[in-house]
Amino acid sequence: MIVVGLVVRLLGGKRFGRSGSDTIPLQRPSGAGNAGLRSGAAAVLQRVSGQHASGQRDTGRGGGQSYSAIVAQEEETEVAIKEPGITASPNRALAMTAGTLFAIWGFLGFFFAQDNGGQFFGREGGFLWNAFMLNPALCTIWALFAAAFFIVGLGNTVGSRSVNLVIGVLLLVLAVYGFVFSATSANVLALNTTDNVFHAIVGVVLVLTALGADKENLRALRAARA
C-alpha cells in the first residue's frame with residue numbers, strides 16, 4: 001500500500017511539472033488540481049485496502065493510519081508551473097543567439113582593434129572582416145552585452161525579456177549616435193556605417209521580440225508568482 005502511494009505521488013509530481021530543476025512552485029495550492037489528485041489516490045488506496053481487508057484484519061489500524069497520512073500529504077501538494085526552456089521561449093533563445101554573436105564579435109575584435117595605434121577610445125580603429133570598424137572600447141561594450149545575454153538566457157524568460165528590451169534600446173541609440181557622429185571627433189567608438197546598420201538591425205529584432213513574444217509564458221509565470 002505504501003508503494004502504491006509513492007507511485008501515485010510520483011505520477012502526480014510528473015503531472016504538474018515537478019521533475020524539472022527550473023520548476024516554479026505556486027505560493028498557494030490549486031483546489032481543482034489537488035482535488036483530482038486526492039480523489040485518484042483515494043480510489044487506488046481504497047481498492048488496495050479492500051483487497052487485503054479479509055486477510056489482514058490485524059493490520060487494519062496501521063493501514064488506516066497510512067492511508068490517512070498519504071491523503072494528508074496529497075492535500076498539501078502544491079501545483080507548480082515549469083519555466084519554459086530555451087527552445088520554448090523566444091526571448092531566451094534570442095538572448096543566447098545574440099550573446100553568441102556579440103561574444104564572437106567582441107573576442108575577435110580585440111585582435112583587430114589594436115590597428116588604430118592602441119587607443120582605447122578614438123575615431124580611428126581596426127577592421128573586423130574588412131567591414132566592421134572598431135576599437136577596444138566598442139569590443140568591451142560587445143563583450144558586456146554578450147555576458148548579459150548569456151546570464152539571462154541561461155536563467156529565465158522574465159529576465160531575458162527585460163535584458164533584450166534594454167539592450168535593444170541601447171543598440172538603437174548607439175546606431176543613431178553612429179549615424180549622426182561617425183564623421184566627427186565625437187565618434188569615440190570608431191563606428192562606421194556597417195557598425196551602425198548592424199546595431200540597428202539587432203536592436204530592432206531585440207525590441208520587437210521583447211514586446212511581442214512570450215506573452216503566454218510570461219502571463220503564466222506571473223500568475224504563478226502572484
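Leaving aside its neighbours within four places in sequence, which residues is Ile-104 in contact with? The answer is Gly-109 and Trp-129, where contact means heavy atoms within 4.5 Å. We will return to this spot after a look at the whole chain.

## About the model

This is a predicted model, in which local features need pLDDT of at least 70 and side-chain atom pairs count only at pLDDT 80 or more, while totals for chains, interfaces and linings use all residues. Residues are numbered from 1 along each chain as its sequence is written, and side-chain values use heavy atoms, with hydrogens and water left out.

## The chain as a whole

The chain contains eight helices and four strands. Here helices (H or I, at least four residues) and strands (E, at least two) are DSSP runs, numbered from the N terminus.

The chain has 226 residues, and 38% of them count as buried. Buried means under 20% relative accessible area, exposed means over 50%, and partly exposed is in between, with a 1.4 Å probe and protein chains only. The accessible surface of the chain is about 12,200 Å², and carbon and sulfur atoms account for 64% of this surface. Accessible areas come from the Shrake-Rupley method with a 1.4 Å probe; for residues, only the protein chains shown count as cover. If you take the contacts between residues at least 6 apart in sequence, 74% of them join residues at least 24 apart.

## The largest nonpolar core

In soluble globular proteins, nonpolar side chains tend to be buried together. In this chain, the largest nonpolar core has 26 residues, and Phe-102, Phe-149 and Leu-206 have the most contacts inside it. A nonpolar core is a set of buried Ala, Val, Leu, Ile, Met, Phe, Trp, Tyr and Cys residues joined through side-chain atoms within 4.5 Å. At least two residues of this core come from each of helix 4 (90-113), strand 4 (132-134), helix 5 (136-153), helix 6 and helix 7 (193-212). Helix 5 gives the largest share, eight residues.

Not counting residues up to four places away in sequence, Leu-206 touches Leu-94, Ala-98, Phe-149, Asn-164, Ile-167, Gly-168 and Leu-171. Another place to look is Phe-145 in helix 5, which is buried at a relative accessible area of 11%. With neighbours within four places left aside, Phe-145 is in contact with Phe-102, Ile-167, Leu-170 and Leu-171.

Ile-104 belongs to helix 4 and is partly exposed, with a relative accessible area of 38%. The C-alpha atoms of Ile-104 and Ala-143 are separated by 8.6 Å, and the two are 39 residues apart along the chain.

Its partner Trp-129 sits in the loop between strand 3 (126-128) and strand 4. Trp-129 is also partly exposed, at 47% relative accessible area. Besides Ile-104, Trp-129 touches Trp-105 and Leu-108, not counting residues up to four places away in sequence. Most residues other than glycine have a negative phi. Trp-129, however, has a positive phi, near 55 degrees.

## Where helix 6 meets helix 8

The axes of helix 6 (residues 157-181) and helix 8 (residues 215-225) come within 10 Å and cross at roughly 125 degrees. Axes are lines fitted to C-alpha atoms, for helices over the stretch in contact, and angles run from 0 to 180 degrees between N-to-C directions. The two helices are therefore oblique to each other: angles under 35 degrees count as roughly parallel, over 145 as roughly antiparallel, 65 to 115 as roughly perpendicular and the rest as oblique. Thr-157, Val-158 and Arg-161 of helix 6 make this contact with Leu-218, Leu-221, Arg-222 and Arg-225 of helix 8.

Thr-157, in helix 6, counts as buried because its relative accessibility is 0%. Among its contacts beyond four places in sequence are Glu-83, Pro-84 and Asp-214. Asp-214 lies in the loop between helix 7 and helix 8 and is buried, with a relative accessible area of 6%. Phi of Asp-214 is positive too, near 65 degrees.
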